[in-house]
Amino acid sequence: MEMTKKNDYLQLLKFIACILITNSHCMYPETMFSIAGASSIFQIGGGWGNAIFFAVSGFLISGKRDSIGKWMKKRYIRILPITAVMGLIWYCLDGLNGNLITFLCTCFWFVSAMMIYYPFFYLFDRIDHGYEKGFAFWGIGYIAYYLARYEATFFVEEAAFAWFKIYAFFGVMLLGGAVKKNIDKVKKVSYMVLLVGVICSGIIWATEYAAIIFMGKGYMLQFMITISRMLFAYCILIFAVKLNDDKPMVLGKNNIINYIADSTLEIYLIQVIAKGIIQKNIVEPWNMFVFWGVALIGGVIVHRIYNVAIRKTVR
């Protein structure tokens, strides 16, 4: 079903996702507990933010009637030029070595994931029962990949570029598309069921992480983290869809939520680039305040400039 009514709850979800992802990259004082590349217990939220973003992205791009050429052009023009420019600036200013293409693909895993996802997502969105088939293939692949990859270390959400993480989050993006495709059915799910789903996802996540962090156990059950992310994304996305029908929210054009939600990509690029530079040159605790300011304000400014630059090209 094609939706025409703008849903500002989705903008709110993108805003929340951006804040969570930024928080996971921030330089907080180190704590005694660390996992998945984080040196502080305060660096949390990245996985939840990724799940929200990919689910919302899948929802928003599902059902578009453009030809594959036009569809891919829109997607790639939105992410590739700005990523290449920002990455090249970082590569030159920081005196980094190695192959530039490899550098761009591995340092900006989020962008690499989207580039890989788009062709497969387009395929599953177009064919009959595409999302059912997509989930079947994805699920079989996940199980096989998980069993082949399994080891007694944390691997389902490794920091930076990691193939397993990229593969796992594609399932979340498919989920977002499936919600859009079956929107009339999912709207019938009650708020109470969705709330229970969100709570259960948090319990599953916390239990598995606690087992790994505090007891050094539970590595074989890391797939529960993927399940918790998918359950959370599914429920929170349907919440937004139902609320838009029952109690629409209207955000002003110049609302800060819109500014940040629309600038998620640029904010991500800047925070990845700026983190190391800020860490080297600014002492704690001021570095974390500077990081937040540079990431959010810089990202919004770069997005507005870039958006003007590509508007005619996309059209």
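Biologist: Hi! Which helix is Leu147 in?

Modeller: Leu147 lies in helix H6, which covers residues 130-149. Keep in mind that this is a predicted model.

Biologist: Thanks! Is Leu147 buried or exposed?

Modeller: Leu147 counts as exposed, because its relative accessibility is 54% and the cut-off for exposed is over 50%.

Biologist: Which residues make a nonpolar surface patch with Leu147?

Modeller: Leu147 forms the patch together with Ile143, Tyr150, Met220 and Leu221. The patch has an area of about 480 Å².

Biologist: Nice. Let's switch to charges. How many salt bridges are there?

Modeller: The count comes to 7 salt bridges. One of the pairs is Arg78 with Glu266, at 2.8 Å from N to O.

Biologist: Is Glu266 buried or exposed?

Modeller: Glu266 is buried, with a relative accessible area of 0%.

Biologist: What does Lys181 pair with?

Modeller: Lys181 has a salt bridge with Asp125, and their closest N and O atoms are 3.9 Å apart. Lys181 is in helix H7 (residues 163-181) and Asp125 is in helix H5 (residues 109-126), so this pair ties together parts 56 residues apart in sequence.

Biologist: One more pair, please. What about Asp245 and Lys187, how far apart are their closest N and O atoms?

Modeller: Those atoms are 2.7 Å apart, and the two residues form a salt bridge. Asp245 lies in helix H10 (residues 223-246), whereas Lys187 is in the loop between helix H8 (183-186) and helix H9 (191-215), so the pair ties together parts 58 residues apart in sequence.

Biologist: How accessible are those two?

Modeller: Asp245 is partly exposed, with a relative accessible area of 35%. Lys187 is also partly exposed, with 23%.

Definitions and conventions:
Residues are numbered from 1 along each chain as its sequence is written. This is a predicted model: local features need pLDDT of at least 70, side-chain atom pairs count only at pLDDT 80 or more; totals for chains, interfaces and linings use all residues. Side-chain values use heavy atoms; hydrogens and water are left out. Patches are made of residues with over 30% relative accessible area and no salt bridge: like charges are joined within 9 Å, nonpolar side chains (Val, Leu, Ile, Met, Phe, Trp, Tyr) within 5 Å. Accessible areas come from the Shrake-Rupley method with a 1.4 Å probe; for residues, only the protein chains shown count as cover. A salt bridge is a side-chain nitrogen of Lys or Arg within 4 Å of a carboxyl oxygen of Asp or Glu. Helices (H or I, at least four residues) and strands (E, at least two) are DSSP runs, numbered from the N terminus. Buried means under 20% relative accessible area, exposed over 50%, partly exposed in between (1.4 Å probe, protein chains only).
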